[in-house]
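Subject: Structure handover

Hi,

Here is the structure for you to take over. My notes on a pocket and some salt bridges follow below.

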Amino acid sequence: MSQSDHDHIEAIARATVEGFPEPFRSGARDVLIEVLEWPPADMLADLGIEDPLDLTGLYEGVPMTERAVSDPVSWPDRVFLFRQPILAELRDRGNVSLQELVTHVTVHEFAHHFGWSDDDIASVDAWWL
């Protein structure tokens, strides 16, 4: 297994979720994690992103802060990690490991699951600056 293959990236993401403190860990367990080579074109178009290298991960679902117990669940929430954009950022940064980068992207996307906006995340996390 290559250190940068799909399975390894997924294993890092799953270990990250298992490392969340409670109650976050239980709130994250039902979210599917998918590692794709690239973000799909329709996803990029929906987000208004032209360069697929600009998207390393994405949360798709209804944030926990916007759910009601009476709301039906039509599909599971998902966190996508995009392998090629992650590897490109890893090369560009040059000062972080694959584990650090995948962990960071995973935490960022799960923060959206828990109801945090990008601005909320940026207020406590200078990683992307």
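A pocket here is an open set of grid points with protein on both sides within 12 Å along at least five of seven lines. Bear in mind that this is a predicted model.

The second largest pocket holds about 200 Å³ of space. Its lining has 13 residues, and D54, L55, G57, H108 and E109 are the closest to its centre. Two elements, β2 (57–60) and α5 (98–113), each give two or more residues to that lining. α5 gives the most, with three. By type, the lining residues are five nonpolar, four polar and four charged.

Now the salt bridges. The count is seven. One of them pairs R78 with E34, with the closest N and O atoms 2.9 Å apart. R78 is in strand β3 (residues 78–82) and E34 is in strand β1 (residues 32–36), so this pair ties together parts 44 residues apart in sequence.

R78 also meets E60 in a salt bridge, at 2.6 Å from N to O. This pair links distant parts of the chain too: E60 is in strand β2, R78 in strand β3, 18 residues apart. R78 is partly exposed, at 25% relative accessible area. E34 is partly exposed at 23%, and E60 is partly exposed at 27%.

Helix α4 (residues 83–93) holds both E89 and R93, four residues apart, about one turn of the helix. Their side chains form a salt bridge at 2.7 Å, N to O. E89 counts as buried, because its 15% relative accessibility is under the 20% cut-off. R93 is partly exposed, at 28%. As for shared partners, salt bridges join E34, E60 and R78 into one network.

Best wishes

Key
Residues numbered from 1 in each chain as written. Predicted model: local features only at pLDDT ≥ 70, side-chain atom pairs only at ≥ 80, totals over all residues. Heavy atoms only, no water. 1 Å grid on protein atoms, 1.4 Å probe; cavity = no way out; pocket = protein on both sides within 12 Å on 5 of 7 lines; lining within 4 Å. Points joined across faces, edges and corners; volume = space filled by probe spheres on them. Nonpolar A, V, L, I, M, F, W, Y, C, P; charged D, E, K, R; others polar. Salt bridge = Lys/Arg side-chain N within 4 Å of Asp/Glu carboxyl O. Buried < 20%, exposed > 50% of the residue type's maximum accessible area, 1.4 Å probe, protein only.
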